[in-house]
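Hello,

Here is the structure I said I would pass on. My notes on it follow below.

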Amino acid sequence: MIVPFGIFGIQKRRLSIPFVLLLVVGVLTALHFPRQTDPPLPPGQPDLKVEKEKAFYNKAYAPRGTVVQGVDQAYEPREQPANEHLDEVKKFVQDYGMAGKKVLDVGAGDGSLQNLVEDYTGLDISETSRRFFTKPFFQGSATELPFEDGHFDAVWTVYTLEHVPNPEQMLREMRRVVKDGGIIYLLAAWYVGSWKADGYEVRPFSDFGFKDKLVKASVPIRRSVYYRSLYTFPIRVIRGVEVKLSSQPSKFRYNPVVPNYTHHWGAADGDAVNNMDAYEVILWHTSRGDKILNALGFSDQFFFRKGELVIEVHKGK
């Protein structure tokens with residue numbers, strides 16, 4: 001039988017659309033698949049990434065006019081707490097009855113959350129943060145918390161995980177210092193783009209050459225939920241199956257981004273070091289027997305798009 005060319009052409013075009021879409025999804029999934037896990041730290045040696053991070057935040061929370069070697073412009077120096085995320089954490093305190101609990105704030109910054117509960121302890125990598133606190137404050141790393149196991153009823157951390165060079169170790173430490181049955185409140189910036197460090201979102205096109213103009217023009221597309229969905233859900237399927245088939249708790253996977261510790265362009269997360277998906281945190285905790293209180297079912301977890309996770313820790317595993 002002879003098939004008319006016109007009919008064949010129509011069929012060919014119809015077949016090509018799903019093929020091209022599948023190809024695009026496959027390429028984006030491969031490009032964005034989280035491959036990084038925490039690298040081993042040399043015993044007895046300082047982590048140079050942490051030292052650079054510490055210098056940046058010492059500048060960020062220092063009084064005006066403070067000079068920190070190697071840092072041109074961090075955040076605008078603060079004289080008063082910013083209270084940027086007060087409402088979100090206040091709602092958590094009210095909804096989960098945290099007012100009378102013993103709470104640790106990891107990445108406490110300017111101390112804006114210290115009065116939400118009576119029994120509060122703050123910790124930050126910045127030594128200069130201490131000046132904001134009237135309640136107990138510890139200078140230290142989120143990856144090496146100076147507290148004994150099960151010391152706190154709850155731990156909260158607000159926009160810190162994406163700034164920590166070894167994020168799985170931070171998750172491990174928070175889980176260690178909270179009691180069995182305790183609560184972790186984790187609010188983070190998910191999907192921190194590689195364009196953040198150079199201020200593509202806030203700087204004018206005139207700042208850039210031709211190649212970088214193209215990068216700036218692509219940012220609105222790359223930030224859109226439709227673009228991210230093309231690779232996010234295939235990655236979640238693959239990672240979910242991997243964890244389900246494994247007999248071991250999940251490793252936390254992410255993609256590193258290069259932070260800018262020299263200049264802060266005035267946009268959020270130019271100093272971030274990790275590009276992460278909340279689903280990786282969900283897999284990490286649930287594979288250890290913990291419960292996600294604000295995403296209980298499979299559907300809520302798989303399609304999770306919120307900023308915050310509320311985790312009930314169960315240390316049976």
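Which residues of helix 3 (residues 86–95) are buried? They are Leu86, Val89, Phe92 and Val93. Please keep in mind throughout that this is a predicted model.

Viewed down the axis of helix 3, these buried residues fall within an arc of 130°, so they line one face of the helix. The buried residues of helix 3 pack against strand 4, strand 5 and strand 9. On the other side of helix 3, Asp87, Lys91 and Gln94 are exposed. Gly97 follows helix 3 and has a positive phi, near 60°.

Next, the nonpolar cores. The largest has 36 residues, and those that touch the most other members are Leu104, Val106, Leu161, Met174, Leu186, Val281 and Leu309. At least two residues of this core come from each of strand 1 (102–106), strand 4, helix 4, strand 5 (178–187), helix 7 (278–286) and strand 9 (308–312). Helix 7 gives the most, with six residues. As for Leu186, leaving aside residues up to four places away in sequence, its contacts are Thr157, Leu161, Leu171, Met174, Val281, Gly307, Glu308 and Leu309. There is also a second, separate core of 29 residues, with Tyr61, Phe92, Phe137 and Leu187 among them. Phe92 is also one of the buried residues of helix 3.

On helix packing, helix 5 (residues 210–223) and helix 6 (residues 225–245) meet at an angle of about 65°, and their axes are 5 Å apart. The two helices are therefore roughly perpendicular to each other. Helix 5 contributes Ile221, Arg222 and Arg223 to the contact, and helix 6 contributes Val225, Tyr227 and Arg228. By type, the residues of this contact are three nonpolar, three charged and no polar.

Last, two backbone angles. Most residues other than glycine have a negative phi. Tyr159, however, has a positive phi near 50°. Tyr159 sits in the loop between strand 4 (152–158) and helix 4 (167–177), and is partly exposed, with a relative accessible area of 31%. Asp269 also has a positive phi, of about 70°, although it is not a glycine. Asp269 is in the loop between strand 6 (255–256) and strand 7 (274–275). With a relative accessible area of 15%, Asp269 is buried.

Regards

How values were computed
Residues are numbered from 1 along each chain as its sequence is written. This is a predicted model: local features need pLDDT of at least 70, side-chain atom pairs count only at pLDDT 80 or more; totals for chains, interfaces and linings use all residues. Side-chain values use heavy atoms; hydrogens and water are left out. Axes are lines fitted to C-alpha atoms, for helices over the stretch in contact, and angles run from 0 to 180 degrees between N-to-C directions. Helices (H or I, at least four residues) and strands (E, at least two) are DSSP runs, numbered from the N terminus. Angles under 35 degrees count as roughly parallel, over 145 as roughly antiparallel, 65 to 115 as roughly perpendicular and the rest as oblique. Contact means heavy atoms within 4.5 Å. Ala, Val, Leu, Ile, Met, Phe, Trp, Tyr, Cys and Pro count as nonpolar, Asp, Glu, Lys and Arg as charged, and the others, Gly among them, as polar. Buried means under 20% relative accessible area, exposed over 50%, partly exposed in between (1.4 Å probe, protein chains only). A nonpolar core is a set of buried Ala, Val, Leu, Ile, Met, Phe, Trp, Tyr and Cys residues joined through side-chain atoms within 4.5 Å. The arc is that of the directions from the helix axis to the C-beta atoms.
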